[in-house]
Amino acid sequence: MPVVAQRVGVVMSGGGAKGLYHIGMLRALEENGIPIDYVAGTSMGSIIGAMYAAGMTIEEMEEVALSGDLERWVSGRIDDKYRYHFVDRDRLSSMITLPIEASKDNGQSTMRLLLPGAMMNTAEIDLALNAFFVQASTAAQNNFDNLMIPYRCMATDMKRHYAVELKSGDLARAVRASMALPVAFPPVAIDSVLMCDGGCYDNFPWRALDEAFHPDILIGACCTEMEASIDESSSVVEQIMALITKPTDYTLPEGRSVFIQREVDASVLDFKRAADIMAAGYNDALEAMPQIKRLVTRRMTHEEYAQRRDEFRARCPEAAMGEIEISGLNDKQRDIAERILSLNHARSVDTLPMTAPEFGENYLVMLANSSIRSGFPSFTFNNETQRYDVMLPLKVKPNFGIAVGGNISSTAFNQAYIGLQYGTMGRVNQSVNLDVLLGPVYTMARLKGRTTFVHDKPIYLNYAYNFSIHTTMRGHFGNLTEVDNAEQMRTMENFLSVGAGIATDRKSVVEVMVNGGRSSYSYAMEGEHDLQTTHFTYVVPSAEFEYVSLNKPLFPTAGAKLNVSALYVYGIDRREAREGTLNAQNKDIIRQSRWWCGGRVLWEQYFDITDRGALSVGYAIEGVYTNHPDFDSPQATLLTSPQYAPLLHSRMIYMPEFRASRYLGVGIMPTVRLYNNLYARISVHAMLRDRFQGEFIHYMSDLSIIYHTPIGPISLALTKYDFATPRNLYLTFNFGYAIFGKKGLVY
C-alpha cells in the first residue's frame with residue numbers, strides 16, 4: 001500500500017565525473033512532480049546534493065556541467081588567462097618541476113625535494129565552491145538543516161579512520177572535504193581534523209540521512225560499480241583506493257525505497273561526456289518512475305518548486321567583499337599579496353566594496369604569477385558591515401626548484417633538459433635560472449636573472465648569458481626519400497643580453513633588449529675540402545611588442561599570437577681566407593664590418609569552429625623585411641639571415657631556401673580532435689621570397705597525429721618540403737618539448 005503525505009529523501013553516491021548522473025536523475029524527479037525533502041551525498045554526490053539544497057535550478061546545474069569548467073578545475077592547472085605572459089616568455093618548457101626545500105638540521109644545511117601533496121591544484125575548485133555555497137550557507141546560519149532542503153554529506157577522518165557526517169559549518173568547506181580524493185586532491189581541515197573523501201568509508205550515506213531525518217521514502221542513485229574490482233593493471237589511484245576504502249552498504253530498506261543504479265561507462269575525470277552521463281541518469285530515473293510513483297503519491301508542481309527556490313534565495317545576502325585577512329606570510333610578503341589582491345580597490349569598509357568576481361580574479365592572478373600558494377579560503381559574513389570577510393591561509397613556496405624535461409625523438413633531435421631555479425619574493429621579486437640542454441643536434445646553456453617590480457602593470461629587468469650549438473652534421477632527421485634541400489651546418493653562439501619590459505596587460509608585453517656576442521658559422525663551400533667558418537661579432541639593440549593567448553606552447557588549437565619587432569645589427573665578420581675561395585684576397589684573414597636593420601610582424605590565430613574544440617582552424621602570416629648585406633660567402637649570408645620555420649621539423653634542419661633577407665610567409669592549420677586529447681593536424685605553408693634556385697615561392701607542410709599528455713605532447717608527423725618533387729619527405733616521432741633558445745641575432 002502506498003504511503004500518504006510522505007517525506008522523501010534522496011541519496012547520491014560518489015564517482016567523479018560519473019556523479020553527473022545524479023543531475024539527470026534530479027531532473028526526472030522534478031519533471032514528474034516527485035517531492036525532494038532531504039538530500040545526502042558523498043564526493044561528487046555531495047556537490048550535486050549541495051547545489052540542489054542551496055537552491056540551484058536543474059538548468060543551472062546542467063550549465064555548470066556542460067560549461068567545461070569542471071574539466072578545467074580538476075585538471076590541476078589555473079586557467080592561463082590569469083597568468084602574465086612575461087613570466088613564461090623565456091621559460092623553457094619542462095615535463096616536471098619540483099620545489100627544493102632548504103632547512104637546517106643540527107646546524108647542518110640540507111636540501112630536499114618536496115614531492116607534491118596532491119596531483120591537482122584546487123585553487124579554482126575552492127573559489128567555485130565558495131561562489132556556489134557561501135550565500136546559501138549564510139542564509140542557513142551554517143546549519144545544513146536550514147538550507148532550502150535539509151542536507152548531509154560524508155567525509156573521512158584521516159587520523160581516526162572512520163566516516164564523519166557533516167551537518168553544520170561552512171557548506172563549501174564541507175563539500176570540499178567530501179570530494180578530497182586521496183592523492184588527487186589535498187585534504188581539508190574541519191575543526192582541526194583533517195578530512196578527505198567520504199567515499200573511503202561511506203560512498204552511499206543513506207543511513208546518515210535516514211537516521212537524521214527519518215524520511216518515509218528513500219530514493220537512492222549509484223553511478224559506480226558497487227564492488228570495485230582491482231587487478232594488476234589498475235591505476236595507482238585505484239590501487240590506493242582499494243587499500244583504504246571500506247565496503248559500502250548499498251542495501252536500502254525494503255518496502256519504502258527505490259534504488260537506481262548504473263555502472264556509468266566513463267572515467268572519474270571524463271567531464272567531456274557530461275551530456276551523455278546526465279542523459280543516462282535521466283533515462284534510468286524515468287525507467288524507475290512507475291515504481292517511484294507507486295510509493296510516492298504526494299506531488300509538487302513546477303510552481304511549488306520555483307516558489308521554494310525563490311523564498312530561499314531571497315534570504316541569501318549579496319556577495320560583497322569586506323576585509324581580507326592573510327595568515328602565513330611575513331610583512332613584506334603580505335604587502336605583495338595584498339597589493340595583488342586589492343589592485344585598485346581600497347580595503348577600507350568605508351569605500352566601494354570589491355565584488356566577489358573581482359576578488360576571485362585577483363586571487364587566481366596572485367597564485368598564478370607569484371610564489372604564493374593557498375589553503376582553503378574561508379568566507380565569513382559580517383553582520384555589521386553586511387559583507388563577506390575573507391581569511392586566506394597563504395604560504396610561500398620554497399625558493400629553490402628543479403625542472404626536468406626534453407624531447408625523445410625517432411630522429412637525431414633528442415634532448416635532455418634540466419633547469420635550476422631560485423627566487424625570492426618581496427617588494428621586488430628576484431629570480432635566477434640556470435638551464436642546461438644537451439643533445440646531439442642542439443645544446444644550450446643559459447644563466448638568466450630577472451628583477452620584477454610589482455605593480456598593476458609589472459615592470460621587469462632581464463639579464464642573461466646564452467651559449468648554444470646547433471649542428472645538422474650528426475645523425476638523421478627522419479627522411480623517407482632522397483633529400484636535396486637540406487645542407488650541413490654548425491652554429492655556435494655566445495652572447496649576453498640585457499633587457500627591460502613592461503606587461504601592458506596579462507597577455508602582452510613591450511620589451512627593449514640589447515644582445516652582444518659572437519656567433520660562429522661552419523659550412524661547406526664548393527671547391528673547398530674543409531669546412532669554412534665565419535665568425536660574426538655583433539651588438540643588436542631591438543624593440544618588441546608581443547601578445548600571446550595560445551592555449552598550448554606546442555600545437556595550439558585556440559587563442560592568438562601577435563609579434564611586432566624591429567632591430568639594428570652592427571658587427572664584424574671574420575673568416576680565414578683559403579685558396580680558391582669566392583672572395584680571394586692576398587690576406588690570411590678576411591675581415592669586414594656589417595650592419596643592417598629590419599622589422600618583423602607575425603600574426604597567428606586559431607578559431608574553434610565547433611563547440612569545445614572538436615574542430616579548430618588556425619592561420620598564420622609572417623612578414624620580415626631587412627636590408628641584410630651580402631657576406632663574403634653566400635653560405636654565411638644565408639646563415640645570418642632571418643629564417644622561416646613554422647613547422648617543428650623545419651627548425652631542426654638547415655634549408656637554405658627558407659632563409660632570406662625579406663619574405664612573406666602564410667599558413668593554414670586545421671586541427672580535428674579525434675578522441676579526448678588525441679588530435680589530427682594538417683599544416684600547409686608557403687613562403688614568398690626573392691628568387692632562390694629559380695623559384696619565388698617555396699612550400700612546406702605536414703600531417704601530424706598529436707596526443708597531449710600531462711607532461712608534454714606526443715606527435716607523429718609526416719613532413720613534406722617542395723611539392724613539385726617526390727623528394728624531401730620526412731617521418732618523425734617526438735615526445736616532449738623540443739626546445740630552442742633565443743638567437744643572438746633575434747631573427
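Rings of Phe, Tyr and Trp (its six-membered ring) pair if their centres lie within 6.5 Å; planes under 30 degrees apart count as stacked, over 60 as edge-to-face and the rest as tilted.

**Figure 1. An aromatic cluster formed by Phe536, Tyr538, Trp596 and Phe631.** These four residues make one cluster under the ring rule, and the rule gives a count of 24 aromatic pairs. A word on the source: this is a predicted model, in which local features need pLDDT of at least 70 and side-chain atom pairs count only at pLDDT 80 or more, while totals for chains, interfaces and linings use all residues. Residues are numbered from 1 along each chain as its sequence is written, and side-chain values use heavy atoms, with hydrogens and water left out.

**Figure 2. The whole chain, for orientation.** You will find 15 helices and 30 strands here; helices (H or I, at least four residues) and strands (E, at least two) are DSSP runs, numbered from the N terminus. The C-alpha atoms fill a box of roughly 115 × 60 × 50 Å along the principal axes. Of the 747 residues, 52% are buried (under 20% relative accessible area, with exposed over 50% and partly exposed in between, for a 1.4 Å probe and protein chains only).

**Figure 3. Helix H12 (residues 331-342) crossing helix H13 (residues 356-369).** Their axes come within 7 Å and cross at roughly 135°; axes are lines fitted to C-alpha atoms, for helices over the stretch in contact, and angles run from 0 to 180 degrees between N-to-C directions. H12 and H13 are therefore oblique to each other (under 35 degrees is roughly parallel, over 145 roughly antiparallel, 65 to 115 roughly perpendicular, and the rest oblique). On the H12 side, the contact is made by Ala337, Ile340, Leu341 and Ser342, and on the H13 side by Phe359, Asn362, Tyr363, Val365 and Met366 (contact means heavy atoms within 4.5 Å).

Figure 4. Phe359 counts as buried at 1% relative accessibility, and Tyr363 counts as buried at 0%.

**Figure 5. Ala140 in the loop between helix H6 (123-139) and strand E5 (151-157).** With 1% relative accessibility, Ala140 counts as buried. Not counting residues up to four places away in sequence, Ala140 touches Asn146, Leu147 and Arg315. Ala140 and Met195 are 55 residues apart in sequence and 23 Å apart in space, C-alpha to C-alpha.
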